[in-house]
Amino acid sequence: MTPGVALLLEQLLNGVQLGVTLFLLAAGLTLVFGIMGVINLAHGSLYMVGAYAAAVTATATGSPWLALLAGLAAAAATGMVVEFVVLRRLYARDHLDQVLATFGLILFFNEGTVLVFGRQPLFVNVPEGLRGAVRVLPGVDYPVYRLLIIAVGLLVALGLYLLIQRTRIGMLVRAGATHREMVRALGVDIRLLYTLVFGLGALLAGLAGLMAGPILSVQVGMGEQILILTFVVVVIGGIGSVRGALFGAVLVGVVDTLLRAYVPGLLRQVMAGSEADALGAGLASMGVYLLMALVLLAKPRGLFPAHA
Amino acid sequence: MTVHRRGLLASGAALGLAPLAASSLARPALAQGAPLKIGMITTLSGAGSYIGADIRDAFQLAMDMEGGKLGGVPVQLMVEDDGLRPGQGKQVAERFMKNERIKLLTGIVFSNVLGAVAPDVLDAGGIYVSPNASPSNLAGKECSKNFWSIAWQNDSLHESAGQLATNLGQKRMFILAPNYQAGRDALTGFKRLYKGTIAGEVYTRLDQTDYAAEMAQIRAAAPDGVYQFHPGGLGIAFLRQYIQAGLMANLPMTLAAPSMDATTLAAVGEAAVGVNLTSHWNSDFPNEPSKRFVAAFQQKFNRLPTFYAQQSFDAALAIGAALKGTGGKVDDTEAFYRAMKPANFESTRGKFSFGPNNHPVQDWWALKVENVAGKPALVTKDRVLTDHGDAYSAQCRF
């Protein structure tokens, strides 16, 4: 295999890995927005909560399994408490009130984390046995841990598909997204359903956060860095559609990674080195937003609109 | 004319703010026997807060080791936090100079805060001694007789790393930095003394935390070595992913000192073993003043001093030497300049002198992260640059 092809394959894997992380965040966000009609800016905070809980547990106990449990439990519990205490009061309000309240939650979570853990980032090691790289194809080595993230993300996608398409809860979720009033009229406890959906979304955000912990540094504000891309994914995929979230996330992940990797190189063929690098970095960071604009031009409701 | 107007405004403000005026009257700075006040503006909150704490503690330590004096002159250190906000730094400087009548200031960590504060201090006839930040404008065209840099001119950090990569025989380097002013300056500085070829030059995003795409590019370019400058948490994330990608084993990384201080090393741990960097000082320097400083610092604060602490300690010693020469007076800036310029103090660096633009002329050393008694530590190796000044002194005219 030529080095160029090997590099392209590795960058594609990087793109997919970023994509599944985005998917875990976007799945929860799009469900909450599609079914409950709430714009939750504090979704990134749940990602941070999962990462911190797992990091602290891993440091204290040294067990990756306990860290996994702690991260999931903390994120899901925080999500449900937030839904019960704050969001429940916002369903009937307009989006501006929701944005204001959930932005307040971001400040609350960030400052609270600073008070408890300080501003110095926390560091967690990749669990023993998942370190190092493995040869996926001749000439292409790839870190085991990142492969695991891809596998977990795809498994979650499959699980969500089965949950939503094949179970009674999933049926209620689908019905809630399209015919909210009818579901309520049939006597379903829609408030409990909302809390569960929100808890599930928080759990997935926590999973994304705790898996990202050993790669990135666990620090205050880590959720906001990725939240903007997550919103792009939700808009591209179609609001309320989990399938859209999956395709949108992988598309955004791959496009972002490939632009970052190849635009400076292409520009360097037509202009001076350092200028090309600086301009290329700027263009690449605009790329996903251009993509979003193009998708919205062609399909204003996203690739897979839920309320079609 | 402006000076007069400022003076009038200040006295007006003093009348208006009765409690503040009363407090400054209660402690008249010029009274016989009262200690000389030194104003320290530094970063004590936020991500860089450990740097400010080291600068404050080391300066205080230098005073304590002389029994509350510097150069035989009783001094009092007043410390305020700038919160890494240029505006806040400016306000603190204003308060120090107007209310406390302080003429001698120090302490700022970050270049952007210094950029806001230094012109105010210098225009008002004050003296600023920088223990860390030292941007190119203050070394070149906008240099001042009353601005003293104790640590280094910013570019020297990266120039010395470029020289080290050359010395290590790394013929093709892959270099990376975030796409902002300090990042572009870093790569320019590195290339100034690096003699080999650049295998790749990549600007990352300042809000980027995942460097997987860059790791793949590095591997594909197959360079002899990698130089990267990512401040704070970004640098730690980069380093960890570099290790996770399996690159550390056969592709040596060269860094500038701010990317690998004692605190960062404690956070990264074992994984940093093998990293090369350059610095003007390290805690294992064998000279007597350095050994005394490290021992005293460890005894008092129970942690290894970073080079930020060392720079602040040297700043206090340099000020002490100047105060000794002027008999404790700071009002005559010309006399202070003459007393400060010879740098008559025992630097923890072994040797130290000021260049024509009041910036350091000093040696730079190669350091390597090695396991010492089972723990990763910075170990000093060869000298990289001798009597190295900066590229801007020729532009400086007092």
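Is A:Thr78 buried or exposed, and what is its relative accessible area? A:Thr78 is buried, at a relative accessible area of 19%, and since buried here means under 20%, that value falls inside the cut-off. The close-ups below all come from a predicted model.

**Close-up 1. A:Thr78 and its contacts in chain A.** Here we look at A:Thr78, which belongs to helix 3 (residues 64-85) of chain A. Setting aside residues up to four places away in sequence, A:Thr78 touches A:Leu46, A:Val49 and A:Phe109. With 19% relative accessible area, A:Thr78 counts as buried.

**Close-up 2. Helix 1 of chain A against helix 8 of chain A.** Helix 1 (residues 3-36) and helix 8 (residues 190-212) of chain A pack at an angle of about 165 degrees, and their axes are 8 Å apart. Angles over 145 degrees count as roughly antiparallel, so that is what helix 1 of chain A is to helix 8 of chain A. The two helices cross in a left-handed sense. On the helix 1 side of chain A, the contact takes in A:Thr21, A:Leu24, A:Leu25, A:Ala27, A:Gly28, A:Leu31, A:Val32, A:Ile35 and A:Met36. Facing them from helix 8 of chain A are A:Tyr194, A:Val197, A:Phe198, A:Leu200, A:Gly201, A:Leu204, A:Ala205, A:Leu207, A:Ala208 and A:Met211. Sorted by class, this contact of helix 1 with helix 8 of chain A has 16 nonpolar residues, three polar ones and no charged ones.

**Close-up 3. Helix 9 of chain A crossing helix 10 of chain A.** The axes of helix 9 (residues 222-237) and helix 10 (residues 242-268) of chain A come within 8 Å and cross at roughly 125 degrees. That angle makes helix 9 of chain A oblique to helix 10 of chain A. The crossing of this pair is right-handed. Helix 9 of chain A brings A:Leu229, A:Val232, A:Val233, A:Ile236 and A:Gly237 to the contact, while helix 10 of chain A supplies A:Gly244, A:Ala245, A:Gly248, A:Ala249, A:Leu251 and A:Val252. The class tally for helix 9 with helix 10 of chain A is eight nonpolar, three polar and no charged residues.

**Close-up 4. Helix 4 of chain B beside helix 5 of chain B.** Over in chain B, helix 4 (residues 86-98) and helix 5 (residues 111-123) pack at about 30 degrees, with axes 8 Å apart. Under 35 degrees counts as roughly parallel, so helix 4 of chain B gets that label relative to helix 5 of chain B. Their crossing is right-handed. From helix 4 of chain B, the contact uses B:Pro86, B:Gly89, B:Lys90, B:Ala93 and B:Met97. Helix 5 of chain B answers with B:Asn112, B:Val113, B:Ala116, B:Val117, B:Asp120 and B:Val121. By class, this contact of helix 4 with helix 5 of chain B comes to seven nonpolar, two polar and two charged residues.

**Close-up 5. B:Glu159 and its side-chain polar contacts.**

**Close-up 6. Positive phi at B:Asn302 and B:Asp387.** Most residues other than glycine have a negative phi. B:Asn302, not a glycine, has a positive phi of about 60 degrees. B:Asn302 is in the loop between helix 12 (288-301) and helix 13 (307-326) of chain B, where it counts as exposed at 70% relative accessibility. B:Asp387, also not a glycine, has a positive phi of about 45 degrees. B:Asp387 lies in strand 14 (residues 375-388) of chain B and is partly exposed, at 44% relative accessibility.

**Close-up 7. B:Pro376 in strand 14 of chain B.** Outside four places in sequence, B:Pro376 is in contact with B:Leu265, B:Gly269, B:Glu270, B:Val273, B:Val369, B:Glu370 and B:Asn371.

**Close-up 8. A:Ala133 in strand 1 of chain A.** A:Ala133 belongs to strand 1 (residues 133-137) of chain A and is partly exposed, at 44% relative accessible area. Eleven residues apart in sequence, A:Ala133 and A:Val144 are 5.3 Å apart from C-alpha to C-alpha. Not counting residues up to four places away, A:Ala133 touches A:Asp141, A:Tyr142, A:Pro143 and A:Val144.

Conventions:
Residues are numbered from 1 along each chain as its sequence is written. Chains are lettered from A and ligands numbered from 1 in the order in which they are written. This is a predicted model: local features need pLDDT of at least 70, side-chain atom pairs count only at pLDDT 80 or more; totals for chains, interfaces and linings use all residues. Side-chain values use heavy atoms; hydrogens and water are left out. Axes are lines fitted to C-alpha atoms, for helices over the stretch in contact, and angles run from 0 to 180 degrees between N-to-C directions. Helices (H or I, at least four residues) and strands (E, at least two) are DSSP runs, numbered from the N terminus. Angles under 35 degrees count as roughly parallel, over 145 as roughly antiparallel, 65 to 115 as roughly perpendicular and the rest as oblique. A crossing is left-handed if the near helix is turned anticlockwise from the far one by less than a right angle, and right-handed if clockwise. Contact means heavy atoms within 4.5 Å. Ala, Val, Leu, Ile, Met, Phe, Trp, Tyr, Cys and Pro count as nonpolar, Asp, Glu, Lys and Arg as charged, and the others, Gly among them, as polar. A polar contact is a pair of N or O atoms within 3.5 Å; within protein, one must be able to donate a hydrogen and the other to accept it, and residues adjacent in sequence count only if both atoms are side-chain atoms. Buried means under 20% relative accessible area, exposed over 50%, partly exposed in between (1.4 Å probe, protein chains only).
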